[in-house]
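Subject: Handover of a structure and its findings

Dear colleague,

Please find below the structure that I am handing over to you. The findings follow after it, arranged by topic.

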Amino acid sequence: MSKTFVIGDIHGSYRALLQCLELSSFNYHYDQLICLGDISDGWPETREAIDEMLKIKNLTFLLGNHDFWTLEWMETGYADSTWLAQGGAATVRSYGSDIPRAHHELLKTARPFHILNDQLFVHAGINPAKALEDQGLSTFLWDRSLAAKAQYHEAQGEPQKLTEFEAVFVGHTPIKEDRPKQFCEIWMMDTGAGWSGRLSMMNVDSGETFVSDPVPELYPGVAGRKKF
C-alpha cells in the first residue's frame with residue numbers, strides 16, 4: 001500500500017532531503033509526499049532539491065514565504081535585499097542564469113494549504129477564528145501565532161484543542177529538537193534544516209519520523225545560518 005509522508009522546511013539542503021527519502025524507503029511512484037514549503041534559500045542546492053521533488057509522482061507542494069520570494073525573483077528578476085540576506089543569495093547562485101520552466105511552474109502552482117482526512121497541512125499557520133477561505137497568504141505563509149499558542153499551552157501543562165482539525169502540520173517556526181514535536185494538535189515539522197539543525201520527514205499515518213544528519217555536517221566548508 002502507498003504511504004503518505006510530510007516533510008519540513010528544506011531550505012536548499014538537497015543532501016538532507018536525499019537522506020530523509022532514503023531513510024523512509026520512500027517510493028517515488030506510489031507514495032505521497034506533502035512538502036510544507038520553504039524548499040528555497042539557505043543552503044546551496046535549491047535547484048537540486050526542486051529537481052528531486054519533480055521526480056515524485058504524488059507530490060503536494062505548499063508555498064512557503066521563502067518560496068514566495070523566490071517566485072517573485074523568478075518572475076520579475078527583482079531580488080529583495082531582505083530575501084538575499086535571508087538565504088536568497090544561495091538560491092540565486094544555485095540557478096545562475098538558467099531557471100527551468102518546471103521549477104517556476106512548481107512554485108507558481110504551489111498550494112496555500114492542504115487538507116487530508118481531517119488533517120491540515122500549511123506552511124506557517126492559520127487563524128482558527130476565521131474560515132480558511134477568508135484568510136490570506138500572509139497568514140498561511142508568515143503567521144506564527146498558532147504555533148506560539150500551542151507551545152504556550154503545552155509549557156503551562158494545559159494542552160487543549162486549538163483548531164477544528166484532528167491534527168495540523170506546520171513548518172516555518174523552527175524548534176530546537178532533533179525530531180518533530182506535537183504541541184496540542186499542532187505538529188511542528190521544522191527542526192532547523194535551514195540553520196544548524198536537521199531535516200525531518202514523517203509518515204503521517206504511523207507517526208514514524210526520519211531525520212537527516214545535522215545539515216552543516218552535510219555541507220562542510222559552507223557558511224550557513226548557524227542559529228535559530
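Leaving aside its neighbours within four places in sequence, with which residues is A49 in contact? They are I10, Y14, L17 and I39, where contact means heavy atoms within 4.5 Å.

Before the details, two remarks on conventions are in order. The model is predicted, so local features need pLDDT of at least 70 and side-chain atom pairs count only at pLDDT 80 or more, while totals for chains, interfaces and linings use all residues. Residues are numbered from 1 along each chain as its sequence is written, and side-chain values use heavy atoms, with hydrogens and water left out.

A49 has its place in helix α2, residues 46–53; helices (H or I, at least four residues) and strands (E, at least two) are DSSP runs, numbered from the N terminus. A49 counts as buried because its relative accessibility is 0%, and buried means under 20% relative accessible area, exposed over 50% and partly exposed in between, with a 1.4 Å probe and protein chains only. Six of the eight residues of α2 are buried, so the helix is largely enclosed by the rest of the structure. The buried residues are T46, R47, A49, I50, E52 and M53. Their cover includes the strands β1, β2 (32–35) and β3 (58–61), together with the helices α1, α4 (81–95) and α5 (101–108). K130 is 81 residues from A49 along the chain, and the C-alpha atoms of the two are separated by 34 Å.

The nonpolar cores

In soluble globular proteins, nonpolar side chains tend to be buried together. A nonpolar core is here a set of buried Ala, Val, Leu, Ile, Met, Phe, Trp, Tyr and Cys residues joined through side-chain atoms within 4.5 Å. The largest one has 53 residues, and I7, I10, L33 and M53 touch the most other members. Helix α1 (residues 14–23) gives the most to this core, namely five residues. I10 touches L17, C35, G37, D38, I39, A49, M53, A193 and L199, not counting residues up to four places away in sequence. There is also a second, separate core of 10 residues, which includes V6, F121, A167 and V204.

T4 is found in strand β1, residues 4–7. With a relative accessible area of 13%, T4 is buried. Beyond its neighbours within four places in sequence, T4 is in contact with Q32, I34, L116, M202, N203, V204 and D205.

D38, one of the residues that I10 touches, lies in the loop between β2 and α2. Its phi is near 60°, a positive value in a residue other than glycine, and at 1% relative accessibility D38 counts as buried. F165 lies in another part of the chain, in the loop between α7 (145–155) and β6 (167–170). F165 is buried as well, with a relative accessible area of 6%. Leaving aside neighbours within four places in sequence, F165 is in contact with I115, D118, Q119, L120, I126, L132 and E185.

Cysteines

How many disulfides does the count come to? The count is zero, a disulfide being a pair of cysteine sulfur atoms within 2.5 Å. The sulfur of C20 is 11 Å from the closest cysteine sulfur, in C35, and therefore too far for a bond. C35 is likewise in no disulfide, the nearest cysteine sulfur being that of C20. C20 counts as buried at 0% relative accessibility, and C35 counts as buried at 0% too.

The second largest pocket

The second largest pocket has a volume of about 150 Å³. On a 1 Å grid over the protein atoms alone, a pocket is an open set of points where a 1.4 Å probe fits, with protein on both sides within 12 Å along at least five of seven lines, and lining residues have an atom within 4 Å of a point. Grid points are joined across faces, edges and corners, and the volume is the space filled by probe spheres set on the points. The lining consists of 14 residues, of which N65, H66, R144, H172 and W195 lie nearest the centre of the pocket. Helix α3 (residues 65–76) supplies the largest share, three residues. The lining divides into four nonpolar, five polar and five charged residues; Ala, Val, Leu, Ile, Met, Phe, Trp, Tyr, Cys and Pro count as nonpolar, Asp, Glu, Lys and Arg as charged, and the others, Gly among them, as polar.

With kind regards
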